[in-house]
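Please open the structure in a viewer and keep the selection tool at hand.

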Amino acid sequence: MAEQPPLIDPRRAALLVMDYQAGIVDSLPGVDALLSRVAAAIAIAREHEVQIAYVRVAFTAADYAAIPATNRSFSRMAGRAGAMAADAPQTAVHSRLAPQAGDIVVRKTRVGAFATTNLDARLRDQQIDTLLLAGFATSGVVLSTVRDAADRDYRLIVLSDACADRDPEVHELLMEKVFPRQAYVIAISNLPELLRPAR
Amino acid sequence: MTDQLPRIDTRYAALLVMDYQPAWIQTLTDTDVLLSRAARVIAIARERGTQVAYARVAFTPADYAAVPARNLIFNRLASRAGALDDDAPATAIDHRVAPEPGDKVVRKTRVGAFARTDLDEWLRDRTIDTLILAGISTSGVVLSTVCDAADRDYRLVVLADACADRDPEIQDLLMHKVFPQRAQVITVAQLPDLLQTAR
C-alpha cells in the first residue's frame, strides 16, 4: 500500500501479543529470532507507555467439553485433551515475553482475540482505538483478529516481522495483499517514529 | 481437503449468498458464469428445503456518518459518496440470484456478514449450525465471515466456485491454504450429493 501509516497516539493504542506460548511456538524453526523481535516490539511499546495486552489460548476441562463437533479447528484439538490445559506451563505466555504488572492478559478458547474474551470491553474502557498486532500464526490468530477488529472499527497496524506462520507463502501473501485493505502493515523498526503523543 | 466430505443435514443448514451486488460484481470478469453457478446453488438449496439467507452491503446517511476514519476499508469507500446508498441500484441484490419470500436478507455496514446484523440470532433461532458460503469477494465478505463464523462454532462449507476475487492468487491461496483450517472447501458440483434430507 502506498499509504503512509498515521502517527499513533500511545495513550490510545495497545500492543496485542497473541498466542506466543511455549506449546505453540517452541517447535518453530527460527523461534529464537522471532521471540527476540517480539521482545523488541514489546520494549518499544513499554518505553512509549503503550498498553500491552497478551492473548493466550488455553482450555479448562469445561472449555474442552463446550467445543461442539461443528467447530473444525478446535474439535480436532479436543482429541489431544490436556495439551492446551489452562494451568499447563506450555500454555503460559512465553517466558521470554513475560507480562508485567499493569499489562492485560486474556485467555481465549477460539481463534480470534475477541471471541471468548472481554478484551474489546477492556480496551474501550481505556479509550483505546488503535491496535498494534503481533502474533503466531499469521493465518490463525492474526488473521481472525484483523478481520474482527476492523469490523469493530479499530485502527490496525500489523507488525509484519512480529508475526509468523508455518507457511511462509501464506504469511507473505496475507501481509502483502490481504491485510493492507484493513490495516497498515509495517516493520517493527518503523514503529518508534510513529509513536507520538497527540498535542 | 483430503478429509471425507461432510454430509449436510438440510434442516440445520443455511446457504449464505453474500454481497452479490452490482457494486462488487462489476469489479470482476466472467460474471455470467459466476452468476449462473450462484443461481444454480440457490435452486439446489430451495429444492432440498435448505434455508437461503442473503447479506448485502448498503448505507443510510447515518450509517456513513457512523464509520470512523480509522476504519480503513470503509473510509476509502465512503470517499465515493453515494456509491453504496441503500436505494442505489449498485447495492441491490443481482436479479439473477434474487431473494424470494421466506428468505432472510440482512443489510450490513461492515465486511463480515455477522458484524452488526441479526444473522447469528436468526440462524440460532432455527437451530441452524451449518453454513454453506457463496460470496463476493473471497478476500472480503467471505474471509471475514469464515473467520467469525468459525469462532461462533458453525460448521462451514465454502463453495469455491461460487466465491470470486479480483485477484486469482488470493482466491487460490485462501481456498487451498487458509479456509481449510476453518472450513470444508468444495465445488458447486459436489454440493447436491452432500445434502441429505431427513426421512
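In what follows, helices are DSSP runs of H or I with at least four residues, numbered from the N terminus. The model is predicted.

**Stop 1: the interface of chain B and chain A**

Please colour the two chains separately and select the residues of each that touch the other. The selection holds 36 residues of chain B, in contact with 36 residues of chain A. About 3300 Å² is buried between the two chains, and carbon and sulfur atoms give 44% of that area.

Which charged pairs cross this boundary? The rule finds eight salt bridges across the interface. One to display is that of Lys177(A) with Asp167(B), whose side chains meet at 2.8 Å, N to O. The elements that give two or more residues to the chain B side of the contact are helix 4 (72–78), helix 6 (138–151) and helix 7 (168–178) of chain B. Of the elements on this side, helix 6 of chain B gives the most, with seven residues. By class, the chain B side comprises 15 nonpolar, seven polar and 14 charged residues. Polar contacts may be shown next: 29 residue pairs, both members at pLDDT 80 or more, are in polar contact across the interface.

**Stop 2: the largest pocket**

Next, select Ile24(A), Phe136(A), Ala137(A), Gly140(A) and Gln181(B), which lie nearest the centre of the largest pocket among its 26 lining residues. The space in this pocket is about 770 Å³. Helix 1 (22–25), helix 4 (72–77) and helix 6 (138–151) of chain A each supply at least two lining residues. Which element gives the most to this lining? It is helix 4 of chain A, with four residues. The lining divides into 11 nonpolar, five polar and 10 charged residues.

**Stop 3: the second largest pocket**

The second largest pocket has a volume of about 630 Å³. To centre the view on it, select Trp24(B), Ile73(B), Leu77(B), Ser137(B) and Arg166(B), the closest to its centre of the 29 residues that line it. Helix 1 (22–25), helix 4 and helix 6 of chain B are the elements that give two or more residues to this lining. Helix 4 of chain B gives the most, with four residues. The lining has 13 nonpolar, six polar and 10 charged residues.

**Stop 4: a salt bridge within chain B**

Over all chains, a search of the whole structure finds 32 salt bridges. For one within chain B, select Glu100(B) and Arg46(B), whose closest N and O atoms are 3.6 Å apart. Glu100(B) lies in the loop between helix 4 and strand 4 (104–108) of chain B, and Arg46(B) lies in helix 2 (residues 31–48) of chain B, so the pair ties together parts that are 54 residues apart in sequence.

**Stop 5: Asp63(A) and its surroundings**

Finally, select Asp63(A), which lies in helix 3 (residues 61–65) of chain A. Which residues does Asp63(A) touch, not counting those up to four places away in sequence? They are Ala58(A), Arg107(A) and Thr109(A). A polar atom of the Asp63(A) side chain lies 2.9 Å from the backbone nitrogen of Thr60(A). A distance drawn from Asp63(A) to Ala85(A), C-alpha to C-alpha, reads 9.6 Å, for two residues 22 apart in sequence.

Technical notes
Residues are numbered from 1 along each chain as its sequence is written. Chains are lettered from A and ligands numbered from 1 in the order in which they are written. This is a predicted model: local features need pLDDT of at least 70, side-chain atom pairs count only at pLDDT 80 or more; totals for chains, interfaces and linings use all residues. Side-chain values use heavy atoms; hydrogens and water are left out. Contact means heavy atoms within 4.5 Å. Buried area is the accessible area (1.4 Å probe) that two parts lose on being put together, summed over both. A salt bridge is a side-chain nitrogen of Lys or Arg within 4 Å of a carboxyl oxygen of Asp or Glu. A polar contact is a pair of N or O atoms within 3.5 Å; within protein, one must be able to donate a hydrogen and the other to accept it, and residues adjacent in sequence count only if both atoms are side-chain atoms. Ala, Val, Leu, Ile, Met, Phe, Trp, Tyr, Cys and Pro count as nonpolar, Asp, Glu, Lys and Arg as charged, and the others, Gly among them, as polar. On a 1 Å grid over the protein atoms alone, a cavity is a set of points where a 1.4 Å probe fits but cannot get out, and a pocket is an open set with protein on both sides within 12 Å along at least five of seven lines; lining residues have an atom within 4 Å of a point. Grid points are joined across faces, edges and corners, and a volume is the space filled by probe spheres set on the points.
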